[in-house]
Amino acid sequence: MSGDKARKIDSMSNTLAVQCFRSWADLDDQSKDFLKRNQDKIHWDVQGDLNAGMSVWIGFSDGVPATIAQTRSGQNVNVYFFPMTERCALISHCFTVPDMRGRGYYVEILKHVCRTLAEEGTTRIYIDCSDSNLSSERGILSAGFLPIGQGVHRRNGTVHWRQDAPPSICRLEER
């Protein structure tokens with residue numbers, strides 16, 4: 001899905017304070033504890049991903065970590081459905097604490113990330129989710145992303161992409 005529309009939508013509430021971390025050393029103890037405590041639900045190595053050039057965004061509700069997302073700039077995306085440039089970004093590895101779900105935090109963090117990346121010069125923002133993850137898909141659409149196609153990651157490491165949207169919506173660079 002493409003996030004061009006999402007970058008232009010203002011957040012509907014200010015209940016979530018979002019911080020971006022670009023290295024493990026930047027994380028405060030509360031955030032590190034949150035990531036370690038939820039490792040079984042997150043299923044990815046945050047410290048390793050930060051070392052590989054990803055950014056981690058944590059949304060806090062009343063000072064408590066509630067939701068997270070990761071971003072990578074296009075030049076750091078090795079395997080995706082189509083090539084990306086340094087002006088593109090990929091949002092991935094999102095998670096909301098189970099007892100914090102249903103409050104709109106996922107949509108709010110996506111909107112915040114999109115606005116911030118756009119302010120930093122990103123011209124295209126992409127996100128994907130499993131077709132069985134209906135709540136994530138609803139949140140992505142609510143945040144203003146538009147479906148542009150369907151992709152499959154195969155176990156052998158290859159990917160297959162079927163573009164559903166016209167090229168004008170999927171272009172990787174601004175005209």
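Student: What volume does the largest pocket have in this model?

Tutor: In this predicted model, the largest pocket has a volume of about 660 Å³. Of the 29 residues that line the largest pocket, Cys-94, Phe-95, Tyr-106, Asn-133 and Ser-136 are the closest to its centre.

Student: What makes a residue such as Cys-94 part of the lining?

Tutor: A lining residue has an atom within 4 Å of a pocket point. Cys-94 is among the 29 residues of the lining, so it has such an atom.

Student: Which elements supply at least two residues each to that lining?

Tutor: They are β4 (88-96), α4 (105-119) and α5 (134-142). The largest share, seven residues, comes from β4.

Student: How do the residues of this lining divide by class?

Tutor: There are 13 nonpolar, 11 polar and five charged residues.

Student: What about the second largest pocket?

Tutor: The second largest pocket has a volume of about 520 Å³. Its lining has 20 residues, and Asp-128, Cys-129, Gly-149, Gln-150 and Gly-151 are the closest to its centre. At least two lining residues each come from β5 (124-127), α5 and β6 (149-153), with β6 giving the largest share, four residues.

Notes. Residues are numbered from 1 along each chain as its sequence is written. This is a predicted model: local features need pLDDT of at least 70, side-chain atom pairs count only at pLDDT 80 or more; totals for chains, interfaces and linings use all residues. Side-chain values use heavy atoms; hydrogens and water are left out. On a 1 Å grid over the protein atoms alone, a cavity is a set of points where a 1.4 Å probe fits but cannot get out, and a pocket is an open set with protein on both sides within 12 Å along at least five of seven lines; lining residues have an atom within 4 Å of a point. Grid points are joined across faces, edges and corners, and a volume is the space filled by probe spheres set on the points. Ala, Val, Leu, Ile, Met, Phe, Trp, Tyr, Cys and Pro count as nonpolar, Asp, Glu, Lys and Arg as charged, and the others, Gly among them, as polar.
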